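Welcome! Here is a short tour of a protein model, meant to be read with the structure open beside you.

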Amino acid sequence: MRIVLPTLFALLAALSNALATVLQRRAALTVPQARGFRPGLVLDLLRRPVWLAGVLTVIAAGVWQAVALATGPLSLVQPLFVLELPLALVLASLWQRRRPSGALLLKLLAVVAGLGLALLSAAPSGNRTHVELDRWLPVLAVGAGAAVALTATGLARPTGRARAACLGTATAICFALTAGLMKTAVHILAEAGIGAFLTSWQTYAFGACGVCAMLLLEHALQGGPLIASQPALTLGDAVVSFLLGVLVYEEHVRAGWWLLPLLVGIGLVCGGIFALARSEAGAEQPSDGAAGVSGGPGM
């Protein structure tokens, strides 16, 4: 049950996030393009009921994610959000009343098989619930610095692959930090109650990271093609979260000969994600505003 419960709730969160990103992508393409960092972009989106529905779905995903993080290791839960892109593409096909093609299903199978192989090989374990501030400070400093640098670099570039990749990677870092901080905050809520939860620094830190991630996500969606933003966003969140689990929460993964199937699994996931992003980018139809989707990793 130590593996089944967090896996189940993480899959529910990934499915909810996939639906949310379908809705958010459609809304993001109906507002004026942002050439710079524009907080007013959110105000434009607030007038779109589809975007509001996406936000409500993100909140539901956050609840599932919180339960998953409370019951399992970060290095297990967050990589499962890689499934958001395949699920989002299937949902987008159903939304547009199209049957998913055989090629799409084959790419989806590659991602699922690769993720399963990687997680079975790594076998993440451990569920440390508290991390001291002095251990978090250097991690937050490096993460925030990298996110700011990537955002500045991306916004300085014209709309295109470089811009989308930079903004997507910055978003992924913020999502990973949000999940890492949320894990401790959820345990504080469960163990000490709402009062301790509302007075812990982790609560406000993960809230701030989450807000930054959501705002960056909207800019990443507009920044360029999915073939650039989607792999950076999806794979970046999984990699950074995995590192946070191992380095910050001291979770354990298998090494030795297990590294070989682990690398094979990672290769399948990366190949599948790039193939899915490429096929979806080619299927986008900007003229009708009903373009594809971009996964938003769990907050």
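**Two helices side by side**

In this predicted model, helix H7 passes helix H8 in a left-handed crossing.

*The H7 and H8 pair*
- H7 covers residues 133-155 and H8 covers residues 161-192, and their axes lie 8 Å apart.
- The angle between H7 and H8 is about 155 degrees; angles over 145 degrees count as roughly antiparallel, and therefore these two helices are described that way.
- On the H7 side, the contact residues include Trp 136, Val 139, Leu 140 and Gly 143.
- On the H8 side, Arg 163, Cys 166, Leu 167 and Ile 173 are among the residues that they meet.
- The residues of this contact between H7 and H8 comprise 15 nonpolar, 6 polar and 1 charged.

*Helix H5*
- H5 has 12 residues (84-95), which should span 16 Å at 1.5 Å a residue, and its end C-alpha atoms agree, being 16 Å apart.
- Buried residues of H5 include Glu 84, Leu 85, Pro 86 and Val 90.
- After H5 comes Arg 97, with a positive phi near 60 degrees.

*Positive phi in two loops*
- Ala 123 is not a glycine, yet its phi is positive, about 45 degrees.
- You can find Ala 123 in the loop between helix H6 (102-122) and H7, where Ala 123 is partly exposed with a relative accessible area of 30%.
- Glu 250, also a residue other than glycine, has a positive phi near 55 degrees.
- Look for Glu 250 in the loop between helix H11 (226-247) and helix H12 (259-283); Glu 250 counts as partly exposed at 40% relative accessibility.

Note on methods:
Residues are numbered from 1 along each chain as its sequence is written. This is a predicted model: local features need pLDDT of at least 70, side-chain atom pairs count only at pLDDT 80 or more; totals for chains, interfaces and linings use all residues. Side-chain values use heavy atoms; hydrogens and water are left out. Axes are lines fitted to C-alpha atoms, for helices over the stretch in contact, and angles run from 0 to 180 degrees between N-to-C directions. Helices (H or I, at least four residues) and strands (E, at least two) are DSSP runs, numbered from the N terminus. Angles under 35 degrees count as roughly parallel, over 145 as roughly antiparallel, 65 to 115 as roughly perpendicular and the rest as oblique. A crossing is left-handed if the near helix is turned anticlockwise from the far one by less than a right angle, and right-handed if clockwise. Contact means heavy atoms within 4.5 Å. Ala, Val, Leu, Ile, Met, Phe, Trp, Tyr, Cys and Pro count as nonpolar, Asp, Glu, Lys and Arg as charged, and the others, Gly among them, as polar. The expected span of a helix is 1.5 Å times one less than its number of residues. Buried means under 20% relative accessible area, exposed over 50%, partly exposed in between (1.4 Å probe, protein chains only).
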